[in-house]
Each structure stands twice: as C-alpha cells, then as structure tokens.
Amino acid sequence: MNLAWIVAVLRPLDVAPHPNFRDAGYDTQPYARLAGIVSGDPHRSGYSADNFGDGRSHDLGVRHAEMSLTTQGIRVGLNGLVREILSDSASDHARLCALGLLACSAAAEMDEYRTCDRILDRLLEKTRIDTPEGKLLRAALLQQQSLRFRDSGRKHTSQTAETLGLLDEIDGSDFSDFPMSPGATVSQADSLSHVITALRHAAWSLVPVRLAVDEASELPPSFPTWQEMVRTQKSNQALRIDQLRAAEYSKFVEDSFNRLFRSQTRTIGGRGAPTLFYAALNYELLGDAAVYKIRKDNALMKLVQCMSSANPDPEEAADSLRLLRHANAKAEIDLAIERIRASGPLAALKHDSAQVLRNRAEPPMMRESELRILRGAADLMTQTEARSALALVRQVIEAGGAQPLPGSFQLDVVRLEPAWLTAAHLASVAEEDEQISLILLEAAQSGRPGDELWDKAIGRSLRQLDWGNISSSTHLRWKEFFETDPSLMPVSRTVFDALTSHKLPQEETVIHDLEDVANRVNAAMSGTSMSAMEVSTSVEIVRGALERIKAESVRGVFSFRSLDPADVAAALIVHADASELWPVLSEFLLDGEIQRSDKSGALDRLAYRSVELPPSVAETFRRDSGILLAAQSGHFDDDLVSPFPAALRFLAAHRIIDEPAVFSLIAQISGSAEPDAREQASRTVAVLASSFVAPWLLTQAMQLSHDAEPRVRAHAARALSLFSTSSSEFRESAEFRLVEMMAEEGILVPILVLRQMRDSDDVPDSAKRAVGVLAEQHQSVRVRKEARALLDALR
C-alpha cells in the first residue's frame, strides 16, 4: 500500500513535483501527478509523460480525476472514477481511496449524494483495519462520509466518533515508507502526523455545538471540551490552505488595481484568473467544516468576476449559485438571485433549480437554501416542472418545513416559512393557487394567538398568491376566519384585505388605526370609493400619526415603520380627495428634523400621480425647495444620495424648480460612481419623461440606458418608452434603443417597460412587435403573461 496516494490528496505539496527540484523519474509518477493537480499550482501540475517521453504517468484514474475538476469534464471524469472504484480490478487500495475522495467531491458538486454513498460504502467495505495504514484510510473515508451526510441532511455523529477513535489509535504509529517530493519540507513521519491532525480537526469541526456542550458523553474520551477547541491552533495543513487562499485574494486585489488604474503591463502566457477552487477542494477532501466558509468565498469571488462581464457565463453563474447553496449562505443567495433575475443569465438559475429537483428530491435534503433557489426560478419553469417542484415542496411542508443542519434546532415557523413562500411562488405557475391558499388557511387556523412570527410568515406567503385564480368560496372562508377574531392575525388580515378588497362584498369599514386606514385606501385605489365618514376618520388618524413622528424627531427618536403615515396621507389626498391634509402634510415634508425615509414615499406618490397642488401649497414648497433638496439622511436611512432624490422628483414634476436647475441636479447624481445614485437619476428621468419633452432629458435617458446596473437601465427604458411616442425630433432614436433593450436577457427591463407601455396612450409598431416576441419567447412566465395582457389591451 503506497500512502503517497492518500497524502497526494490530503496534503498534496508533500508529494507534488517541485519546480526547483526537478526529477524526471519522480515527477512522472501518477501519485506525484495527482498531487500536483490537487495542489492547484500550475508549476507543480505541469509535469507529464509528454514532457519526459515516459509513459508511467498515463494512469487513467489520474486522468479521470483531472477531468472531474473541470466544468466541461466533470461528468465524464466522475463516471470514469466510479467505474474504476467499483470494479474488481487489483489496484493499490490507497490509490482507490484517493480517487474515491476526489470522486465524492465531484459527485457532491452535482448533488449526487447517492453516488457518494456507493463509492464510500464500497471502499469502506474493502478497507482492512488491521494495520495503521488501513486505519488511516478508513478514518479519511469516514470523515468524507460525515461531510457528505451533513451536506445531504443526515446524521453523522457515529462516523465522526469512529473517525476520532481510529485517529487516536494510530497517532504516533510507525507507517510504511512512501515516496515524497524531492522538494518536500517535512519527513514522512511529520507529513502523516500533519494528515492525522488535519483529519482530527476536521472531525471536531463537524460535531454539532449542542452535542459537544450538552451530550459530550456520546463522544470519545479524547474529544476536547468546547473551550479547548476554541483555544486549539489550526492544523499545519489548514495554515497551508490559508496561504493558498491568501495568495488568490492577493491576485484578485492586484488584478482589480490594474483594471482601476489602467495598468499597461501585459503578461503573455501568465497566470489564470484568481480562484479559490483549489483551497476549497483541499477542505472538501479533508471533510472539514471550514469548507462552508470557503465555498461562500469562492462563490462571491466567482460572481464578482462573472457578473462584471458584459456577457456573464451561465455555467460560472450557475456554479456560483450552487456554491452559495452548499454553503447555506442565505442572504448571499437572495442577492445573487435578484441580480441574475434582473439581468441574466437566467439559464444559470434554471440550471441550478433543475439540479435541485433532480438530485435533492427528498424532504430531508431540502434546506432553506434549496427552497430559495426554487423560489427564484419558479417563473422560469414550465407548468409541468412547477407542478413537480410544488409536489416536492408540499412534502417538505408536511415534513415540518426546511431541514436544519443535523444536530441543530429551529422554531417551526422558521422552518415552515421558506416552504410556504416557495409553494406560493410555484403555485401561480403551476396554477394551483387554490390548493396552496387552503394549506395556508389550515396553517393560519393552527397558529397560536399573539404569535407575531407565525402571523407575518403567513402574510408574506399570502402576498405571493394569484388571488384571481382562487375561488370566491375560498375567499369567503378566509374572510370568515379573520372575522372570528379580528385581533388574531392582524398582519395576515391586512395583506388579505389589500389583495381581495375588490373581490368581496363591501361594507362601510370601521376604522380604528393607521392599519385600517391603509387597508381602506388600498380598497379605494382598487375602485371602491370611501364615504365621507371614512375619509374624516382617516384624516384624523393620519394627522395624529404625523404629529407623533414630528414630536419624536424633535427628541432625536427615529424608528423603522411598517406603515408610512406620510405616504398614507398622500394616498388619501390622491384617491379620496382629502385636501384638508395638504397643510399638515406640506409642513411635515418641509420639516428638516424628520428623516428622509419618513418623507420619500409621500413625495414619490405625489410626483408620480397627476395631482394638482393648491397654489398656497405650491408657493410654500417653492419658497423652501432648497431646504427639502438638502434634507439629510437619518440614522437608519439607506438614502445617502444628494440632493434628496424623492424631493427632486416631486419638485421637478410640479415645475416648482426651473428646468436648468433640474438638468444640473440630475447630471450631478447620474455622474456618480455609486449605482444607487445613478438608479435615482434614472428614476427621476423616467418620472419627468411623462411631462418634459426636452432633448437634454432624452440624452440622459439614452446614456443611462447603457449603464452596467440593470436597475438603472430598467428605469431608463421606461423613459425611452415615453420618448418613443413623443413629439421629440429624436423619437426614432429612443424607439430604436427601446426595442434593443427589450431583447436583453433578464426580467427587470421587460417588466418595467411593459408596465410603462400599459399606462401609455400609444405604442410604436416596432415596440408592439417586440412585445409580441416577449409574449412568445421570453423565459419568464411572468413576462410572457404581462406581454400577452398588453397585446390584448392594444388590440
């Protein structure tokens, strides 16, 4: 048994060829070649039989292992490794175990955990433990099994305990000699000692904290206390991996610097792009929980590189999503999905969702990360795919929701909410909104009074359903449920009322608080007029809410709010003709002590809507426009753009500030390096395009339409939609660019353009044809539906 094979994958630099100590006889050995490949160092992996005219490195298993580490060759490489491992060919068992570890890493990359089971079960069955070498191999295989069990939602503590026991038995043992790299910096004994230490630390890392603290008796006597683990230094191999990771980060920073500062240096045949793949691979092969952090880091680096390109590679983006999912990096998954949905490549999201449905189609394997991917890809699925996905998610709901990590605990609502949300997103594509609404109704009925988390989770899920596909009888069942006790689930009731108020018989509403006012205004926006009594009561409630915010701001107290009183006040003015609110609202908006976030909603509503300001109100804003534009961000405001963008839109839309000033201020924020500022400029241009027909505004829209940020381009496209039907002499340029943008990949630009066209009186013929293409060919069901609805309205 040649232990050089197992060291080649668990501590590759000790066996890999060294560029400063070349030895043709050693460098062409297959185990040396394998170590060079796993190390990720091109100077160590570049030695092959082709260099030396020697066929000894033509090991088919090594070739398959190399292929399994590439995007294009992973399937062929894995299949070759599996065939060799499961065959009965007489081969060095250490070699088969080394190839088995690499095969498990490749199989896990594709979520094929049953393949991992077949490989590891076969190798463990053939591993004898009557020698130190056999025990070392078994420990490495069991540790790999522990990681793959954890990744697929299965308990692994028995494997971890056995691994630690075996390592304790062989610590300090005499092992048979094996060849090492001429450039190795340690002896054979030290190399194996470092391997044993790295495996021991990997086993510790996978022990759930709860078990280590509360049930330590189930672990071997040598298992350290959690305090001792915290104090223990990293293994020597972990430090090597950290060095590799640091070197790649250094390359990334250097490359970023060269791009930013326009370096003229050119390297011919130089290094490749920075990557954390090999650092992650080393932890994958050890079975160490540190791999979760490096999976996330690898994904983030890949996404930054990939999504900075004009044409992102779908395979790279899909692999990044997979890495984030395998790292269980939920917040980063949401951000990546949002960006990919906005501007593509949509094929990446569809690919990863298909992999989840193909290889993780069992409730125990469905974590919150997988559910987020299915949720993001829902409207990219066919109806058949969505129904299949929904059937799986319903099984997850029946099993108690998203699966937490083995050995950990989560509240029921924390596990169920991701499953409810995913089911609601899939339901509209699968046309099963009725069934999911009944599942949510049953969940609502089983909720505990006063359980705010449960209430909010159901409310968020209700918001995703298409209530037009839900029967009137089910509407009434929900209404009757809320009427049994109006205080039972206030958030869910608010959502339900806002979504269904125009579908249920209306009675005069008893209004008690701001939430009731918001619900009633929502109904008014859907066409149900408010009575004089309802308006009067609402005005008093809103006036009181505004006064409380003013009083708090004087004391320096600022809060996050689920409801925006100023926005509700503006909605009452626009939709219920509550003109008596103008004095208090204008005073509120011009108060310099009040944070921006309490004003933005109202200012935008008044800018977007064609509402006429009373002369006295217009004069007040004209006099104090400078104060409003200079309003500073509050402690909790994300809006750091200057001037205050919502104020600029409002003042410009109502001609309170003159056109040259508007031009100057928009140019100021559109030239910012910050994407948020350019998005605000684009939003402002889109608002003004409905009433301004000025060449400078079209110029701004055209320039912003080529921005790298999809949100900036999307609002610029809205403006171009308006300019394409204007009297501008450049309308043809706007029309050409608009049609060009409608063919872009992604969902955000088409959706916002379609909605803008829906509110327009005219649509150019070329744009109508582009809408027809969207209706037939776009990957998103949502885009196709909105495009078809627009075509129907235009006929």
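What is the volume of the largest cavity? About 150 Å³. A cavity here is a set of points, on a 1 Å grid over the protein atoms alone, where a 1.4 Å probe fits but cannot get out; lining residues have an atom within 4 Å of a point. A volume is the space filled by probe spheres set on the points, which are joined across faces, edges and corners.

This is a predicted model, where local features need pLDDT of at least 70 and side-chain atom pairs count only at pLDDT 80 or more, while totals for chains, interfaces and linings use all residues. Residues are numbered from 1 along each chain as its sequence is written, and side-chain values use heavy atoms, with hydrogens and water left out.

**Stop 1: the largest cavity**

Select S105, E109, E284, R322 and L323. Of the 15 lining residues, these lie nearest the centre of the largest cavity. Now show helix 8 (93–109), helix 10 (132–151), helix 16 (277–286), helix 17 (290–307) and helix 18 (314–326); each gives two or more residues to the lining. Helices are DSSP runs (H or I, at least four residues), numbered from the N terminus. The lining has five nonpolar, three polar and seven charged residues. Ala, Val, Leu, Ile, Met, Phe, Trp, Tyr, Cys and Pro count as nonpolar, Asp, Glu, Lys and Arg as charged, and the others, Gly among them, as polar.

**Stop 2: the second cavity and helix 25**

Select A444, G447, R448, D451, W454, D455, L488 and M489. They line the second largest cavity, with a volume of about 50 Å³. Stay on D451. One of its side-chain oxygens comes within 3.3 Å of the backbone nitrogen of L453, at the start of helix 25. In that helix (residues 452–462), W454, D455, A457, I458, G459, S461 and L462 are buried, that is, under 20% relative accessible area with a 1.4 Å probe, protein chains only. The buried residues of helix 25 pack against helix 23, helix 24 (433–445), helix 26 (472–484) and helix 27 (490–500).

**Stop 3: the largest core**

Select W478, L572 and F650. They have the most contacts inside the largest nonpolar core, which has 165 residues. Such a core is a set of buried Ala, Val, Leu, Ile, Met, Phe, Trp, Tyr and Cys residues joined through side-chain atoms within 4.5 Å. Helix 23 (residues 412–430) gives the largest share, 10 residues. Another core, of 77 residues, lies apart from it; W5, A65, A103 and L137 are among its members.

**Stop 4: H715**

Select H715, in helix 39 (residues 710–723). H715 is buried, at 8% relative accessible area. Beyond its neighbours within four places in sequence, H715 is in contact (heavy atoms within 4.5 Å) with E679, S682, R683, A686 and L752.

Terms used
Buried means under 20% relative accessible area, exposed over 50%, partly exposed in between (1.4 Å probe, protein chains only). On a 1 Å grid over the protein atoms alone, a cavity is a set of points where a 1.4 Å probe fits but cannot get out, and a pocket is an open set with protein on both sides within 12 Å along at least five of seven lines; lining residues have an atom within 4 Å of a point. A polar contact is a pair of N or O atoms within 3.5 Å; within protein, one must be able to donate a hydrogen and the other to accept it, and residues adjacent in sequence count only if both atoms are side-chain atoms.
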